[in-house]
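Dear colleague,

I am handing over a structure for you to look through. My notes on it follow below, and I would be glad if you read them with the structure open beside you.

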Amino acid sequence: MVTKNEYATDFDNTLERIVLPLKTGSGQTPLADQRGHGIHWHIQNPVHYIAADEQRQEIPWVQAEIDGELVTYTSVDSTLTDQEIEATEKRTMDCPRLS
C-alpha cells in the first residue's frame with residue numbers, strides 16, 4: 001500500500017490522500033510453469049528497452065524474450081528508424097525503489 005498526500009490550492013490547502021494498493025506478484029508461477037507472472041515476470045523473461053529521455057519516462061521501444069521468442073513493441077509515436085534502434089543503447093529492465 002502506498003499513500004501520497006496532496007494539498008489543494010484552495011484557501012485551506014485541503015489535504016487529499018491518494019491510496020494505491022500494489023500487488024507485486026511473486027515473479028514465478030508454480031514449478032510446472034517457470035515463465036514468471038505479476039509485476040516481476042521480467043525476472044524470468046529478459047526485457048530490454050530504449051529510453052527517449054534521461055528520466056526514462058518515454059519508452060518508444062521494448063523487446064522481451066518470452067518462451068525463447070523475441071517480442072518487440074515500437075510506439076506508434078516513435079520516429080526511431082531501424083538503424084537508430086540497432087545503434088541505440090538498450091537498457092535491461094530492473095525493479096525501481098519506491099521513495
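The side chain of S75 reaches the backbone nitrogen of D77 at 3.1 Å, which is a polar contact (a pair of N or O atoms within 3.5 Å; within protein, one must be able to donate a hydrogen and the other to accept it, and residues adjacent in sequence count only if both atoms are side-chain atoms). S75 is found in the loop between strand 5 and helix 1 (82-87), where helices (H or I, at least four residues) and strands (E, at least two) are DSSP runs numbered from the N terminus. With a relative accessible area of 18%, S75 is buried, since buried means under 20% relative accessible area, exposed over 50%, and partly exposed in between (1.4 Å probe, protein chains only).

Please keep in mind that this is a predicted model, in which local features need pLDDT of at least 70 and side-chain atom pairs count only at pLDDT 80 or more, while totals for chains, interfaces and linings use all residues. Residues are numbered from 1 along each chain as its sequence is written, and side-chain values use heavy atoms, with hydrogens and water left out.

As for the overall layout, the chain has one helix and six strands, and from the N terminus on its elements run β-β-β-β-β-α-β. Of the 99 residues of the chain, 16% count as buried.

An open sheet of four strands has the order 5-4-3-6, with antiparallel pairing; its edge strands are strand 5 (69-74) and strand 6, each of which pairs on one side only. Two strands are said to pair if DSSP finds at least two bridges between them. Strand 3 and strand 4 run antiparallel and are joined by four bridges, and here Y49 stands opposite V62 in strand 4. Strand 3 is also joined to strand 6 (residues 91-92) by two bridges, again antiparallel, with H48 opposite T92 and Y49 opposite R91.

The loop between strand 3 (47-50) and strand 4 (61-66) holds D53, whose side chain reaches the backbone nitrogen of Q57 at 3.0 Å. D53 is buried yet has no salt bridge, and the nearest side chain of opposite charge, that of R56, is 7.6 Å away. A salt bridge here is a side-chain nitrogen of Lys or Arg within 4 Å of a carboxyl oxygen of Asp or Glu, and for charge Lys and Arg count as positive and Asp and Glu as negative, with His and the chain ends not counted. R56 lies in the loop between strand 3 and strand 4 as well; although R56 is not a glycine, it has a positive phi of about 60°, and at 38% relative accessibility it counts as partly exposed.

A positive phi is also found at N13, a residue other than glycine, where the value is near 45°. N13 lies in the loop between strand 1 (2-7) and strand 2 and is partly exposed, at 44% relative accessibility.

Finally, I18, L20 and L22 make a nonpolar surface patch of about 240 Å². I18 lies in strand 2 (residues 15-20) and is partly exposed, with a relative accessible area of 33%. Patches are made of residues with over 30% relative accessible area and no salt bridge, like charges being joined within 9 Å and nonpolar side chains (Val, Leu, Ile, Met, Phe, Trp, Tyr) within 5 Å. Accessible areas come from the Shrake-Rupley method with a 1.4 Å probe, and for residues only the protein chains shown count as cover.

With kind regards
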